[in-house]
Amino acid sequence: MVLNSPAFIPIRRLLVLVGVCGALMACLPLTPSPSPTPATSTPRPLPTAAPMETPVPPDALSLAPRYAISLTVDVAHAQVAGEQVVRYTNAEEVPLGDLYLRLFPSTPGYGGEMRVSSIRLNGKPASPEVRLGGSALRLLLNPPLAPLETVTLSMAFTAAVPLTDGIDYAQFSYVRGVMALPEVYPLIPVYDDEGWNVEVAPDYGDAVYSDVAFYQVDVTAPPTMTLVASGTCAVREAGRWSCQAGPVRDFALILGDDYQVASQVAEGIVVNSYFYSGHREGGEGVLKMAVNALTLYSRLFGPYPYEELDVVETPTRAGGIEYPTLVVISDRLYTGHPRLEWVVAHEVAHQWWYGVVGNDQVDEPWLDEALTQYTTLLYHEFLYGADAAAEILKSDFQATYDRLVKEGNDMPAGLPVAAYPRDLYSPVVYRKGALYFHALRQRVGDEAFFAILRAYYRRHRYGIATPDSFLATVKTVTGSEHRDLYERWILGVSR
Ligand SMILES: [Zn+2]
C-alpha cells in the first residue's frame, strides 16, 4: 500500500524530474529517450534477464488451500452473494483443534458487512463462533485435523458493499462506477508459531495475512461492466466470467462501468492498464511505468511468475493498494499528479514483496513495505540515474528520519502496525525502514546486495518470510547477518 500521507512523496524530487523531463509522461521510457539527458541523471543500464529460478518443490504447493467460489454481483443493490467450497490441508506440524475464516468485508477498514450461512464441515452442518466483531468465524475441529489431513468446508455468504469513498481507503466500495471487491469471500488466515493470525489490523495498514492458495472463481455480473481480477479470467457468456488464480495470497475483483484498457507484453507477461475513458493519457503513462517496473524487477530479483499483471484505476483514497497479480491506483493521480509514477512503481514492487514472498503484513509490515519502498528507489535509480535516486534518498528517506529523531519521534521500524501512531507509521516503517536496506547495500556492495534479494526471492517464493529468514539469507550470501545494521535500523531508536 502507499499511504495517503502528506509526508509521503518526494514531491520536491518529482517536481525536479518533471522539470528535467519537460513533462512527467516524457520521462517514462526505460531506454533513454532521444531528448538530452542531463549528465547528472544518467539511467543505469538494465540488467540482463534473471536466470530461471529453482522450481518450488511440488509438495509445498500441493498442500495449499483450494477455493472454488461462485459470486453473483448485484450492482443495483451493491450486494454480492456467493457460495464457496474450500479444501484446507493441515500443513503444520501440529494437529489443529480449530480453524478460522476471516470476513474482511466486515472489518472496520472495509466498512461493509459479510454474513455467512449454511456452513458444512466435511458435509456436516457446523456452527461457528462469531469473533472479532463479526469479522471472523471460529470452527471447532473435533477430532482435531492431523498434519497432512484435509478438511472440506462449504458455505454460502452475502456481502454488502459501502456506497461511499469515506471509509478508510475505500478499498472495498462501489463509488464512481467502480465496484472494488478485495477478499469478498471467507478467507482462511495463516496459522504460524503464534497460532491463528486473526487480529483486526489498524485501518492505516494492510489487513490481510494469508497463505498462497489456488482459486477458481466464477462471477456473474452485468455484462456491460468490465471485470478485472487476480489471475486470468475468460468470458464464458455475456455476464459470466470464469477466473483462475494461483498460487496467490488472496483474490481481488474489480468491476467498472467505464474502463478502457491499454496492454503491452513485457518479459513474456501481459501488462494491462485499466483506466477511466477520460483518463487515456494517464492510463497509457501508467502502462509504461508498470512495464518498466515489471521488466526491471524481473531482472533484478527473479521472474514474475504469473501470466498477467493488471494495474487498475479506482476511487481508492490510498495512493495505491497491492493485490495478487493486480494493483489499484487512485484515480486522483491520473491527471498529471507527480505522485503517479512513484505509486505505480511501489505497487508493482509489492508483487515481489508481499505477493510472491509473503510476510506478516500486520505484525511485521517493514519486511514488505520498507523493501518495497527501497525497490521503488531502485526503479528511480535505473530509470533516472544514481543522482536522481540519491536525491530522493536524501530529501525524502533521510530527511524524514532526521526529522523523526529531531522531534523525539523515532521508533523501531520493526514493530506491528498497531504499535505506531497513525502519523508515524509511514515515516518510520516506509522511510526509516528503507534506510536499513540502503545501509546493508552500502556495507556489502551491489553484487552481494542484489544476490541477497535474488536468494530471498527464490527461497521464499510462495512462502512466508520473517525477519530471521531475511537475516539468514544475508548470512548465506555474505557470511554474516550484519546484525548491527538490523539492530540499528529495524530494532533501534535514536534519541
Ligand atoms: Zn506498500
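**Core.** I looked up the largest nonpolar core first, and it has 148 residues. A nonpolar core here is a set of buried Ala, Val, Leu, Ile, Met, Phe, Trp, Tyr and Cys residues joined through C-beta atoms within 7 Å. Buried stands for 20 or more other C-beta atoms within 10 Å of a residue's own, exposed for 12 or fewer, and partly exposed for anything in between, with C-beta atoms placed from the backbone. A290, A293 and V344 have the most contacts inside this core. The largest share, eleven residues, comes from α5.

I note that this is a predicted model, in which local features need pLDDT of at least 70 and side-chain atom pairs count only at pLDDT 80 or more, while totals for chains, interfaces and linings use all residues. Residues are numbered from 1 along each chain as its sequence is written. Helices (H or I, at least four residues) and strands (E, at least two) are DSSP runs, numbered from the N terminus.

**A290.** Not counting residues up to four places away in sequence, A290 touches V271, S273, L309, V311, V344 and V348.

**T375.** I found T375 in helix α5, residues 366-384. Is T375 buried or exposed? T375 is buried, because 24 other C-beta atoms lie within 10 Å. Leaving aside neighbours within four places in sequence, T375 is in contact with Y297, A349 and W353. Y297 is 78 residues away along the chain, and its C-alpha atom is 8.2 Å from that of T375.

**Open sheet.** I traced five strands in the order β18-β19-β20-β22-β21, with mixed pairing. Two strands pair if DSSP finds at least two bridges between them. β18 (259-266) and β21 (320-323) are the edge strands, each pairing on one side only. From one strand to the next the twist averages 15 degrees. β19 (residues 269-276) and β20 (residues 308-314) pair in the parallel sense over five bridges. I checked Y274, and its bridge partner in β20 is V312.

**Helices on the sheet.** Helix α3 (residues 280-301) lies across β18, β19, β20 and β22 (326-330), and runs at about 155 degrees to β19. Helix α4 (residues 340-349) packs on the sheet and touches β20, β21 and β22, its direction making about 160 degrees with that of β22. Axes are lines fitted to C-alpha atoms, for helices over the stretch in contact, and angles run from 0 to 180 degrees between N-to-C directions.

**α7 and α8.** I then looked at helix α7 (residues 422-444) and helix α8 (residues 446-459), which pack at an angle of about 130 degrees with their axes 6 Å apart. The two are therefore oblique to each other, since angles under 35 degrees count as roughly parallel, over 145 as roughly antiparallel, 65 to 115 as roughly perpendicular and the rest as oblique. L440, R441 and V444 of α7 meet D446, A448 and F449 of α8.

**β10.** Last, I went to strand β10 (residues 178-182), where five of its five residues are buried. β10 pairs in the antiparallel sense with β9 (residues 173-175) over three bridges, and with β17 (residues 252-256) over five bridges. S173 stands opposite A180, and V178 has G256 of β17 as its bridge partner. The hairpin of β9 and β10 has two residues between the strands, and R176 there takes a positive phi near 50 degrees.

Technical notes. Two residues are in contact if their C-beta atoms, placed from the backbone, lie within 7 Å.
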